[in-house]
Every structure is written in C-alpha cells, then in structure tokens.
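Subject: Structure for your review

Dear colleague,

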Amino acid sequence: MPDYRPVDPRKSPRFAGIKTFMRLPHLETTEGIDFAVVGVPFDTGASFRVGARFGPEAIRSVSALLRHYNEVLDVGIFDHCSGVDYGDLPVNPGYIEDSYEMIEEGLEPLLDAGVVPVMLGGDHSVTLPELRAVAKKYGPVALIHFDSHSDTGDKRFGKKYTHGTPMRRALEEGLLLVENSIQVGMRGSIYARDSLDEAREMGFDLVTTNQAFEMGLEALIKRIRDRVGDAKAFVSFDIDFIDPAYAPGTGTPEVGGFTSRETLRLVRGLDGLDIVAYDMVEVLPQYDPSQVTALLAANIVYEFISLIALGKKRGASA
Ligand code: MN
Ligand code: MN
C-alpha cells in the first residue's frame with residue numbers, strides 16, 4: 001500500500017523544493033490515501049477585497065514549517081494516515097457557475113474513493129460546490145461553520161451565488177442536515193436587527209462571538225458536539241472567524257474576534273466527530289504582509305489533518 005508522507009525537514013531543508021502543503025507529495029491520486037489537500041483558487045464571489053485566489057499558494061508556502069507530531073492531540077499524523085497535495089482544482093475566473101461545476105466534478109474522484117478532502121480556498125462561495133459534491137456522495141451533512149458572518153444572505157447585486165450566500169443556497173438545495181448544523185462566531189455590524197435571526201429561522205443553531213464568550217469555550221465545544229451528534233459533518237472555516245489582529249489577511253474582517261489559541265482549542269474540540277470534508281477559506285495574501293494569516297490557516301488545517309489521524313488511530317485500535 002502506498003504511504004504518502006511529507007519530506008523530512010531533517011533530511012532536506014524546509015526552504016527547498018516546490019511548495020506543497022506540508023511538503024506532501026503532489027499527486028493526483030486517490031489510491032492509498034486517507035486525505036488530500038486540494039486548492040480551490042477562486043475569488044469571483046467576493047463582495048469587498050479580492051485576492052483569495054492566491055490563498056492556496058500562500059498557505060502551502062508557510063506550511064513548510066509544520067512537523068509530523070501534534071503534541072497537544074498526542075498523535076503522529078503519518079503513523080496513522082497517508083495523504084497527498086492533490087494540487088488545485090480547475091476554475092474559470094469571473095464565471096462562478098462554470099467554476100461551481102468544475103469544483104464539484106473535481107472533487108468527485110476523491111469523495112468516491114472515500115478520501116477526506118481538505119480544501120484551501122478561495123473565497124467562501126466555493127463551499128457550495130464542495131457541499132454539492134459531498135452531498136452527492138454522503139447525502140445531506142451537518143455543517144460546522146466558523147465565520148464572523150453567517151453567509152445566509154439571499155442575493156447580492158441581484159445574483160444568487162456570492163461568498164455571502166452559500167449557506168442559504170446549500171440549505172435550499174437540500175445539502176444540509178440543518179437540525180445538526182451550527183454556525184459560530186458571528187459578529188460585527190449587520191444589515192438589520194433581525195439579520196441573524198433569519199439564519200436561526202432557517203433552522204441553524206447560531207452562536208455569536210459575544211454569546212460564545214459568555215458561555216465559555218468548553219460549553220461552546222459541548223454545544224457543537226451535541227448539535228452534530230453522530231451525523232456526517234462538513235467543517236467550513238472562514239479565516240475571518242479569528243480577530244484581524246491575528247488574521248489581517250482576509251476580505252471582510254470583523255474586529256473583536258477569537259485569538260489563535262482559542263481557535264486551536266475549539267478545532268481540537270471536534271475530535272471524535274464524523275467529519276467527511278473540511279475547508280479553509282478567505283485567506284488574502286496581499287493583505288497579509290507578515291504571512292501571519294496564512295501561517296495560522298496552515299496550522300488550523302494541520303489540526304484538521306490531526307483529527308483525521310486521530311480517527312484512524314482510534315479505528316485501528318478499536
Ligand atoms: Mn464566510
Ligand atoms: Mn466571513
């Protein structure tokens with residue numbers, strides 16, 4: 001069985017080689033792998049700053065720093081799983097519906113093979129075709145959505161598909177188990193008093209940043225876990241969930257958010273849930289002069305992969 005793992009930085013220095021996620025081999029294979037990191041360099045859905053098309057490249061570049069052992073979760077990732085950097089899916093810049101078809105089709109071989117895709121956006125509009133592909137394989141899934149925005153808007157400039165509408169569209173298209181879905185981190189100015197209630201009326205559980213801090217991180221983790229239960233889940237992580245002091249490189253930043261440490265704790269709290277796909281979206285390198293945003297995004301993706309490894313470890317010992 002093939003066993004794909006990163007290049008060992010003690011044998012080849014980190015700055016050497018072509019930049020793939022975590023220095024994994026760049027292979028468009030579905031054989032012998034548990035996960036695949038997949039770039040989705042599309043940002044035509046953005047409503048303010050553009051540039052998330054360069055997100056995958058920036059995250060890959062700094063991910064060369066990541067080491068194999070997750071000390072907090074106590075797991076040696078590649079002792080339990082195998083993974084590749086699958087490269088970027090094809091997209092058509094400026095043409096969102098064409099790109100949606102290309103993204104959905106591009107993910108199908110991975111999902112058909114039972115591989116967990118870990119997508120690097122791109123703006124948040126890419127989550128809709130990802131969910132279409134996932135639902136085609138697994139049926140509707142629970143959504144665990146970290147974001148400072150609920151992305152449940154209806155139309156922008158008269159159009160249905162933007163980075164502000166994917167969660168509403170996913171629900172309309174029957175891609176979500178809404179009773180198991182939760183949105184966390186909403187904050188900042190909104191259009192109207194009832195803007196967030198709209199998402200709740202659609203059926204989402206929605207925890208604002210203020211509510212999250214009132215209940216505390218441990219209670220929040222429990223709330224997510226109770227909500228998702230045994231359902232198959234999709235984790236969608238918009239980097240603007242995190243405070244712009246830690247993650248300035250993004251398109252629609254909102255102040256007063258989570259720190260990087262709090263975020264890592266939250267993501268680790270998802271251990272044991274049945275997560276079938278992940279994405280990390282809205283990283284904009286041109287607003288990220290010190291690469292701190294990309295570095296944080298890479299480390300959160302590293303936690304995603306660690307969760308996959310923990311699942312494999314547990315499965316092997318069960
Ligand atoms: Mn978003
Ligand atoms: Mn957002």
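In what follows, a helix axis is a line fitted to C-alpha atoms over the stretch in contact, and angles between N-to-C directions run from 0 to 180 degrees. Please note that this is a predicted model, and the values below are computed from it.

I begin with a helix pair. The axes of H9 (residues 260-268) and H10 (residues 292-317) come within 10 Å of each other and cross at roughly 20°. Angles under 35 degrees count as roughly parallel, and H9 and H10 are therefore roughly parallel to each other. Their crossing is right-handed. On the H9 side, the contact is made by Ser260, Thr263, Leu264, Val267 and Arg268; H10 contributes Leu296, Asn299, Ile300, Glu303, Phe304 and Leu307. Sorted by class, the residues in the contact of H9 with H10 are 6 nonpolar, 3 polar and 2 charged.

In soluble globular proteins, nonpolar side chains tend to be buried together. The largest nonpolar core here has 59 residues, of which Phe21, Phe146, Phe237 and Ile300 touch the most other members. H10 supplies the largest share of this core, with 13 residues.

Leaving aside residues up to four places away in sequence, Ile300 touches Phe237, Ile239, Ile242, Thr263, Leu264, Val267 and Met280.

The peptide bond from Gly121 to Gly122 is cis, with omega near 15°. Gly122 is placed in the loop between strand E5 (116-121) and helix H4 (127-138).

Arg23, although not a glycine, has a positive phi of about 65°. This residue lies in the segment before strand E1 (35-40) and is buried, with a relative accessible area of 9%.

Gln291 is likewise not a glycine and has a positive phi of about 65°. Gln291 lies in the loop between strand E10 (274-281) and H10. With 41% relative accessibility, Gln291 counts as partly exposed.

Yours sincerely

How values were computed: Residues are numbered from 1 along each chain as its sequence is written. Chains are lettered from A and ligands numbered from 1 in the order in which they are written. This is a predicted model: local features need pLDDT of at least 70, side-chain atom pairs count only at pLDDT 80 or more; totals for chains, interfaces and linings use all residues. Side-chain values use heavy atoms; hydrogens and water are left out. Helices (H or I, at least four residues) and strands (E, at least two) are DSSP runs, numbered from the N terminus. Angles under 35 degrees count as roughly parallel, over 145 as roughly antiparallel, 65 to 115 as roughly perpendicular and the rest as oblique. A crossing is left-handed if the near helix is turned anticlockwise from the far one by less than a right angle, and right-handed if clockwise. Contact means heavy atoms within 4.5 Å. Ala, Val, Leu, Ile, Met, Phe, Trp, Tyr, Cys and Pro count as nonpolar, Asp, Glu, Lys and Arg as charged, and the others, Gly among them, as polar. A nonpolar core is a set of buried Ala, Val, Leu, Ile, Met, Phe, Trp, Tyr and Cys residues joined through side-chain atoms within 4.5 Å. Buried means under 20% relative accessible area, exposed over 50%, partly exposed in between (1.4 Å probe, protein chains only).
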